[in-house]
Amino acid sequence: MRKRLKKHVRMVRYVIYKETLIDFKDHFWTFVGSFLGIALIGFINKESFSVTDNVFLIGSFGASSVLIYGIVNSPLAQPRNLIGGHVICAVVGVTVHYIIPNEIWLSSAFAVSLSIVFMQITKTLHPPGGATALIANIGSEKITSLGYLYVFSPVLSGVIILLLVALLVNNRAAHRKYPANKNWYKIWERRYR
């Protein structure tokens, strides 16, 4: 019993130690990627939306930046999940807003819940996508009046910018590899390695 307890204590110490190591190279590339991605989206959208709308739009992209620049090997950070999660959630959010236009509390809850289920079904789970669906319902009049254009701009255009910056920055660093699966774009193949 005592040996097993000591073994578990050693394993916990090792895990805690490994999880709290500081890797300055990793932090540098995380900063560069997230800064470039968010800055490009903000710069492109600065003329199209008011300051309030820009904050809402970049909110879900900020959460995506944490995943694709900070945890590059996470299954939730892979391109399929990034693009699919945001686009599916934007479509669901806009559709729910059309179906339930005047009850924000109900449309918001319905949009986020349906988005999660659709992401699970399509295997494109990306947590910031829930915020994208929510923004389609709680955004200002300018955002909600976009309708399905919201899916293309700012959502799809912003996600493509984030992805291109992630491909450039994450593969520039010698210790990073993004995406984890180099065949991520082959949606016609059932098996993913």
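A cavity is defined, on a 1 Å grid over the protein atoms alone, as a set of points where a 1.4 Å probe fits but cannot get out, and its lining residues have an atom within 4 Å of a point. The structure is a predicted model, in which local features need pLDDT of at least 70 and side-chain atom pairs count only at pLDDT 80 or more, whereas totals for chains, interfaces and linings use all residues. Residues are numbered from 1 along each chain as its sequence is written, and side-chain values use heavy atoms, with hydrogens and water left out.

Two cavities of 30 Å³ or more were found. A volume here is the space filled by probe spheres set on the grid points, which are joined across faces, edges and corners. The largest cavity holds about 40 Å³ of space. Its lining consists of Gly-93, Val-94, His-97, Tyr-98, Ala-136, Ile-143, Thr-144 and Gly-147. Helices are DSSP runs (H or I, at least four residues) numbered from the N terminus. Helices α4 and α7 each supply at least two residues of this lining, and α4 gives the most, with four. The lining comprises four nonpolar, four polar and no charged residues, where Ala, Val, Leu, Ile, Met, Phe, Trp, Tyr, Cys and Pro count as nonpolar, Asp, Glu, Lys and Arg as charged, and the others, Gly among them, as polar.

The second largest cavity has a volume of about 30 Å³ and is lined by Ile-41, Ile-44, Asn-45, Pro-154, Ser-157, Gly-158 and Ile-161. Two or more of these residues come from each of α2 and α8, the largest share, four residues, being that of α8. This lining divides into four nonpolar, three polar and no charged residues.

Aromatic rings of Phe, Tyr and Trp (its six-membered ring) were paired if their centres lie within 6.5 Å, with planes under 30 degrees apart counted as stacked, over 60 as edge-to-face and the rest as tilted. Phe-31 and Phe-35 are stacked, because their ring centres are 5.8 Å apart and their planes lie at 20°. Both belong to helix α2 (residues 24-45), where a spacing of four residues separates them by about one helical turn.

Tyr-98 and Tyr-148 form a tilted pair, at 5.5 Å centre to centre and 45° between the planes. Tyr-98 lies in helix α4 (residues 79-99) and Tyr-148 in the loop between α7 (141-144) and α8 (149-172), so the pair ties together parts 50 residues apart in sequence. Tyr-98 is partly exposed, with a relative accessible area of 48%, and Tyr-148 is partly exposed at 38%.

How values were computed. Buried < 20%, exposed > 50% of the residue type's maximum accessible area, 1.4 Å probe, protein only. 1 Å grid on protein atoms, 1.4 Å probe; cavity = no way out; pocket = protein on both sides within 12 Å on 5 of 7 lines; lining within 4 Å.
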